[in-house]
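Work through the exercises below with the sequence and the structure open. Try each task before reading its solution.

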Amino acid sequence: MNFAMYVHPSDLRLANTRRVYRSLLAAGRSSRADLARRTGLSAVTTGKVVDQLIEGGLLEEVDLQSAPTGRTVSAPVMGRPPRVVCLSRRARFVAVQLGARECSLMSVSLGGQIDAPSRVSVPSPKRAELFLEAVAEAKDSVCPQQPLAVLVSVPGVLDERQNRVLFSPNLRWTEHAELLPALGRAWSAPVVAVQEVQSLALGHQAFGGAPESFLLIEFTDGVGGAVVTNGRLLESPFPMSGEIGHIRVPTVQRRCGCGNDGCLETLAGRPGLIETFRTSLRKPRATWQDVSNHVASSGVESWLRDTIEATGMVIAGAVNLLGLREVVAVGELTEMHPDVILRIEDAVRRHALCSRFAQVNCRAAPGRRILGLVAAATDRVLLPEPALVATRAAG
Ligand SMILES: [Zn+2]
C-alpha cells in the first residue's frame, strides 16, 4: 500500500488500523509482536492501534489459553504468561443467509465465529412477509442485544447501494423492496448485504493466502461467480457481475431458473447433476446423496465428463476475458471427489489462451461465507476505507 497517497494523518491512522484489524481477522489471535511483524508496522504504531481498538471495544487482550484458536502459532516467551489479542468476542453481528432450500439466522463474533446455539433455520418461504414473521419470532433467541450490523448473504443480483435484490431467479420473494431494510429494523442495526458468491470471495481473501486476483466459482443448486482483481471485488457499472452460471452451453436444452435454456448451472448445479446421473445411469429415483456417494467412490466417470468439459470451457472464457490465472472452486461439484477439480483444471488449460505461454491454476477451497460477511462489515461499517487523494482529485 502506498501511504504517500493519503493526505491526512487521520487517514494514515485509519489505514494502519485496518491493516492490524485485517491481520487479526486472518490470524484469529496474535501477540502484539507478531502483529507488528505481519503488518510491517513498527511496534510502537502497532501498540497504539491495538490500544485504541481495545478501548473501542473491537479487540480484547487475553491469556493465550483462553484465546480463540488461532491459525498462526507464536512461540511462547519463557517466564511470562503469554498474552495475545483477538477480535472482541462480546461484540456481535447477526448473520442472515438466504438460501433456496433454507434460510438461517445466527449470532457471530467479530472474528466470524458462529454462536452455534443462536442458530435458527427455517425452510425458505414463498413470501417475504412470511420470512419476516419468522425473523420477528426468532429475533431475541438469535441475538437479544443490538448487534453492530445485520450481515445478509443474498443470492441473485444485488444492488448494494439501494440495499435491494433486483433479481433472484431461484428466490423471487427476496426481490421484495422492504426485505433488507426490515432485517435492519428488526435489530435496529445497519444492514450489510453482500451477494452470496462475493461473500465467499471476500472470505477466501480474508482468511489469508489468497492470490491478489482470482475468479471464484461456487457450485451448489446454482452456479455463481465472483471476480477479485488486485485485492478488490470487481466493480461493475451495473449491479451485476460474475454470473458465470448463466452462460449458455450450446449443446444443452435444459430450462434454467432464469428463463433461458442451457445455462451452465443446468448442468453443473445440484439439480442438473442429479438429472444427468439419473438419465445416464438409468436410476430415475437417484437422490443427491446417491450422486455424491457414487462420485466419491467411483471418481469422474463418463456421465460427468461433458459437465466438466462445459464448466472448463465457460471458465476458460472468463479467464480469457478478465486476464486471470487463478481459479478457486467452492461447493458441491468439487467436494465430491478430488479428481473433479483436476479435470476442470485440465479443461480450462486446454481452452484458455494464456495456457499457451503461462499457467492457469484451479483449486478447490472450503467456503468461508461468514468470514466474508464479517470482512465486508469491517470495510463498510466498522472501519470504512479512507478516501484516496487520487479518487478525490479525479472526482
Ligand atoms: Zn440461467
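The exercises that follow concern a predicted model.

**Exercise 1. The largest nonpolar core**

Task: Find how many residues the largest nonpolar core has, and which of them have the most contacts inside it.

Solution. Step one is the count: the largest nonpolar core has 41 residues. Step two is to list those with the most contacts inside the core, which are Leu215, Ile217, Ile244, Leu304, Ile315 and Leu333. Step three asks where the core residues come from. At least two residues each are supplied by several elements, including β11 (214-219), β12 (223-229), α8 (270-281), α9 (288-298) and α12 (338-351). The element that gives the most is α10, with nine residues. Step four takes up Leu304: setting aside neighbours within four places in sequence, Leu304 is in contact with Leu273, Val295 and Leu333. Another core, of 34 residues, lies apart from the largest one and has Leu24, Ala91, Val108 and Leu202 among its members.

**Exercise 2. The pair α10 and α12**

Task: Decide how α10 and α12 are oriented to each other, then describe their contact.

Solution. Begin with the geometry: the two axes come within 8 Å and cross at roughly 50 degrees. Angles from 65 to 115 degrees would count as roughly perpendicular and those under 35 as roughly parallel; α10 and α12 are therefore oblique to each other. Next comes the handedness, and α10 passes α12 in a right-handed crossing. On the α10 side the contact includes Arg305, Ile308, Glu309 and Ile315, and on the α12 side it includes Val340, Arg343, Ile344 and His351. Sorted by type, the residues of this contact are eight nonpolar, four polar and four charged.

**Exercise 3. The pair α2 and α3**

Task: Describe how helix α2 and helix α3 pack.

Solution. Locate the helices first: α2 covers residues 32-39 and α3 residues 43-55. They pack at an angle of about 115 degrees, and their axes are 9 Å apart. The crossing in which α2 passes α3 is right-handed. From α2, the contact uses Arg32, Leu35, Ala36 and Thr39, while α3 brings Ala43, Thr46, Gly47, Val50, Asp51 and Ile54. By type, the contact of α2 with α3 divides into five nonpolar, three polar and two charged residues.

**Exercise 4. Two residues with positive phi**

Task: Locate Asn163 and Ser188, and state the phi of Asn163 and of Ser188.

Solution. Start from the background: most residues other than glycine have a negative phi. Asn163 is not a glycine, yet has a positive phi of about 50 degrees. The loop between β8 (157-159) and β9 (164-167) holds Asn163. Ser188, also not a glycine, has a positive phi of about 50 degrees, and Ser188 sits in the loop between α5 (179-187) and β10 (191-195). Ser188 has a relative accessible area of 52% and is therefore exposed, the cut-off being over 50%.

**Exercise 5. Ala364 and Lys283**

Task: State the accessibility class of Ala364 and of Lys283, and list their contacts beyond four places in sequence.

Solution. Take Ala364 first, which is found in strand β15 (residues 361-364). Its relative accessibility is 43%, so Ala364 counts as partly exposed. Ala364 touches Ala329, Thr334 and Ile341. Thr334 is 30 residues away from Ala364 in sequence, with 6.4 Å between the C-alpha atoms. Now take Lys283, placed in the loop between α8 and α9. With 40% relative accessibility, Lys283 counts as partly exposed. Its contacts are Phe277 and Arg278.

Methods. Residues are numbered from 1 along each chain as its sequence is written. This is a predicted model: local features need pLDDT of at least 70, side-chain atom pairs count only at pLDDT 80 or more; totals for chains, interfaces and linings use all residues. Side-chain values use heavy atoms; hydrogens and water are left out. A nonpolar core is a set of buried Ala, Val, Leu, Ile, Met, Phe, Trp, Tyr and Cys residues joined through side-chain atoms within 4.5 Å. Buried means under 20% relative accessible area, exposed over 50%, partly exposed in between (1.4 Å probe, protein chains only). Helices (H or I, at least four residues) and strands (E, at least two) are DSSP runs, numbered from the N terminus. Contact means heavy atoms within 4.5 Å. Axes are lines fitted to C-alpha atoms, for helices over the stretch in contact, and angles run from 0 to 180 degrees between N-to-C directions. Angles under 35 degrees count as roughly parallel, over 145 as roughly antiparallel, 65 to 115 as roughly perpendicular and the rest as oblique. A crossing is left-handed if the near helix is turned anticlockwise from the far one by less than a right angle, and right-handed if clockwise. Ala, Val, Leu, Ile, Met, Phe, Trp, Tyr, Cys and Pro count as nonpolar, Asp, Glu, Lys and Arg as charged, and the others, Gly among them, as polar.
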